[in-house]
Amino acid sequence: MATIKIVLRDKPNREGLYPIVFKITKERKTKIITLGIDCLKKDWDEKSSQFKKSYPNYLQRNRVLLNFKQKALTIIDGFNLEEIDFTLNQFEEKLRGKEQSKITVLEFWLEKINDLNLAGRTGSARAHQDTKNSFFKFHKNQKVLFREVTVEVLDKYETHLRANGSNDGGIGVRMRELRALYNEAIRRGVVLEKYYPFKVYKVSKLKGKGFKKALTRDEVKKIENLDENKYPHLLEAKYLFVFSYYTRGMNFYDMMKLTWDNIDNDKIIYTRSKTKGKFIVKILEPVQEILNFYKTVNTLTGYVFPILLKEGLTPIQIEYRKFKKLKQFNSDLKKIAEIVGIDKPVTSYVARHSFATNLKELGISTDIISQSMGHHNVSITTAYLKDFDNNIIDDANEKLLQEPISIYTTRNDIRFSA
């Protein structure tokens, strides 16, 4: 719901006159649009939002203001009839006569990124920023319109990404971001649906083919047993990985924002940032040892881990800190893997994947694992366990080489014998 009003600005201009402006408010956001008209304060009727009789040609000027207001209402009605969730910038462009179709991809993208940052969704904003930079590194025309982003352009962009070392998974991320932006542009009336290139160009073909590599419990123990006295610069990475593994795969962002207020006796109680689900996690011995360590060394803030070094950071500052420290964390994990003899890629995400896979190996049902990880859909958990399921098949095949067994049953159980 948008509201509009014509008002007199509080501050006069250099001539001592007060500008008359158009004020539109939508979803708690306000935009001021100058009308190029001003007057003395004594000539303005604030209650009726029009000129008083003391203003020269007041009738004619009041008709001008009325026409502005009627045009604004017509534009809003048009957006509503077409079910377009317009932005304040789009409204101003329409009011000033600029066609929606003339809004460039770059202009729309920058506004999207700004809106995400204002909403505190800094991770999504950074993802869009990265894809925007990538796209315009390929497409040199920064005034390109949405209708000019054709299937041919997408094919050439894909070729550009491959030539620069991207695989299907990475290209898929870029294309999904671009597709989401295009969908929003259609919804807001910036481009007609008939130009939509993703009906022909299928993002679904871009699926990463690499399997996720979980660590075995023995490999996790190798990381736990890393001598931090010998490698003090890797202590933080070791502790973060072990902490994540034994807290049901807590992700890096949630560890970064974990505070001592989240520790309640033998439980960690927190809300996961990604899904907003509430978690109550029992503190196991390895986790308690890490908490004991940081209780004595990290006393500058209320955070458990010394990642956010002061309170009151803005969402953008937090996102920057997360990006920097996560990059360092993954780099240090790679070094740890080399030292302890793990011939697999080890990243922060591997702790979560290993937690799920090792529980499955211990015979825990997928439903229980799914609940412990906070997944809303068991199919998500199944994707984590894909590697493990392949191993199960291999083990089953090897059993063909074993001595045959006979199976007989009683009323209450099943018995096996050679």
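Tutor: Helices (H or I, at least four residues) and strands (E, at least two) are DSSP runs, numbered from the N terminus. The model is predicted, so that local features need pLDDT of at least 70 and side-chain atom pairs count only at pLDDT 80 or more, while totals for chains, interfaces and linings use all residues. Residues are numbered from 1 along each chain as its sequence is written, and side-chain values use heavy atoms, with hydrogens and water left out.

Student: Why does the span of helix α1 agree with its number of residues?

Tutor: The expected span of a helix is 1.5 Å times one less than its number of residues. Helix α1 covers residues 58-81, and its 24 residues should therefore span 34 Å; the end C-alpha atoms are 34 Å apart, which agrees.

Student: Which residues of α1 are buried?

Tutor: Buried means under 20% relative accessible area, exposed over 50%, and partly exposed in between (1.4 Å probe, protein chains only). In α1 the buried residues are N62, L65, A72, I75, I76 and F79. N62 counts as buried because its relative accessibility is 13%.

Student: What covers the buried residues of α1?

Tutor: Contact means heavy atoms within 4.5 Å. The cover includes the strands β1 (2-8), β2 (18-26), β3 (29-39), β4 (44-45) and β5 (50-51), together with helix α2 (88-95). Leaving aside neighbours within four places in sequence, N62 is in contact with Q50 and F51.

Student: How many cavities of 30 Å³ or more does a search of the whole structure find?

Tutor: Rolling a probe the size of a water molecule over the atoms shows where empty space is left. A cavity is a set of points, on a 1 Å grid over the protein atoms alone, where a 1.4 Å probe fits but cannot get out; lining residues have an atom within 4 Å of a point. Grid points are joined across faces, edges and corners, and a volume is the space filled by probe spheres set on the points. The search finds 2 such cavities.

Student: Which helix gives the most to the lining of the largest cavity?

Tutor: Helix α11 gives the most, with 4 residues. Both α8 (235-246) and α11 (315-340) supply at least two residues each. Among the lining residues are E236, F252 and K325.

Terms used:
On a 1 Å grid over the protein atoms alone, a cavity is a set of points where a 1.4 Å probe fits but cannot get out, and a pocket is an open set with protein on both sides within 12 Å along at least five of seven lines; lining residues have an atom within 4 Å of a point.
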